[in-house]
Amino acid sequence: MARKLLLADDSITIQRVIELTFADEDVQVIAVGDGEAAIARLDADPPDIVLADIGMPGRDGYEVAAHVKATAAISHIPVLLLAGAFEPVDHARVAETGSAGVLVKPFE
């Protein structure tokens, strides 16, 4: 049974990189371009893990992570936040949201 990864990132390039990374794995990548779409998808069809960009317009990755942790039915889902190499990361906010950690782009 394939695992589901929800990717919330407004960069089409990052979406494609993640999709290619998991193309030969038993992982279904569901990519959305903003936090609102991520939250809607989380509530409708919960994934096994979430990758969420902290720099998305509208609702950012911090807000997506906070939603996951505040919603009992999905609070068990791990959330990794994505940040650009030169993007400031609010580590206090990462901890507040209960995120599993931060991955800095670009990554391998």
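The legends below refer to a predicted model.

**View 1. A salt bridge joins K105 and D53.** The closest N and O atoms of K105 and D53 are 3.4 Å apart. This pair links distant parts of the chain, with K105 in strand β5 and D53 in strand β3, 52 residues apart. The relative accessibility of D53 is 4%, and D53 therefore counts as buried, the limit being under 20%. When residues up to four places away in sequence are not counted, D53 touches A8, D9, D10, D60, G61, L82, E87 and K105.

**View 2. K105 also meets D9 in a salt bridge.** The side chains of D9 and K105 approach to 3.0 Å, N to O. Because D9 lies in the loop between β1 and α1 (12-21) and K105 in strand β5 (residues 101-105), the pair ties together parts that are 96 residues apart in sequence. D9 is buried, as is K105. Side chains of opposite charge can pair when their charged atoms come close. D9 is also among the residues that D53 touches.

View 3. D10 has a relative accessibility of 39% and so counts as partly exposed. Apart from its neighbours within four places in sequence, D10 is in contact with G33, D53, G55, M56 and P57. One of these residues, P57, is 47 residues from D10 along the chain, and the C-alpha atoms of the two are separated by 7.9 Å.

View 4. Strand β3 spans residues 49-53 and includes D53. Strand β1 (residues 3-8) pairs with β3 in the parallel sense over 4 bridges, and L6 has V50 as its bridge partner in β3. Strand β4 (residues 79-84) runs parallel to β3 and is joined to it by 4 bridges. Within β4, L82 is the bridge partner of D53. From β3 the chain crosses through helix α3 (residues 61-70) to β4, and this β-α-β crossover is right-handed. Of the 5 residues of β3, 4 are buried, so the strand is largely enclosed by the rest of the structure. In a regular strand the side chains alternate between the two faces of the sheet.

**View 5. Strands β1 and β2 pair in the parallel sense.** The pairing of β1 with β2 comprises 6 bridges. A8 stands opposite V32 in β2. Together with α1, these two strands make a right-handed β-α-β unit.

**View 6. Helix α2 has buried residues on one side.** In α2 (residues 35-44), the buried residues include G35, A38, I39 and L42. They lie on the same side of α2, because they cover an arc of only 95° around the axis. An α-helix has 3.6 residues a turn, so residues three or four places apart point the same way. The elements that cover the buried residues of α2 include β1, β2 (27-32), β3 and α3. At the N-terminal end, D34 caps α2, with a side-chain oxygen 3.1 Å from the backbone nitrogen of E36.

**View 7. D48 and R3 form a salt bridge.** The closest N and O atoms of D48 and R3 are 3.7 Å apart. The pair links distant parts of the chain: D48 is in the loop between α2 and β3, and R3 is in strand β1, 45 residues apart. D48 has a relative accessibility of 34% and therefore counts as partly exposed. R3 has a relative accessible area of 54%, which means that R3 is exposed. The structure holds 8 salt bridges, and K4, R41 and D45 are linked in a network of such bridges.

Technical notes:
Residues numbered from 1 in each chain as written. Predicted model: local features only at pLDDT ≥ 70, side-chain atom pairs only at ≥ 80, totals over all residues. Heavy atoms only, no water. Buried < 20%, exposed > 50% of the residue type's maximum accessible area, 1.4 Å probe, protein only. Contact = heavy atoms within 4.5 Å. Pairing = 2+ DSSP bridges. Right-handed = clockwise from strand over helix to strand, strands pointing away. Arc of directions from axis to C-beta. Polar contact = N/O pair within 3.5 Å; in protein donor to acceptor, adjacent residues only side chain to side chain. Salt bridge = Lys/Arg side-chain N within 4 Å of Asp/Glu carboxyl O.
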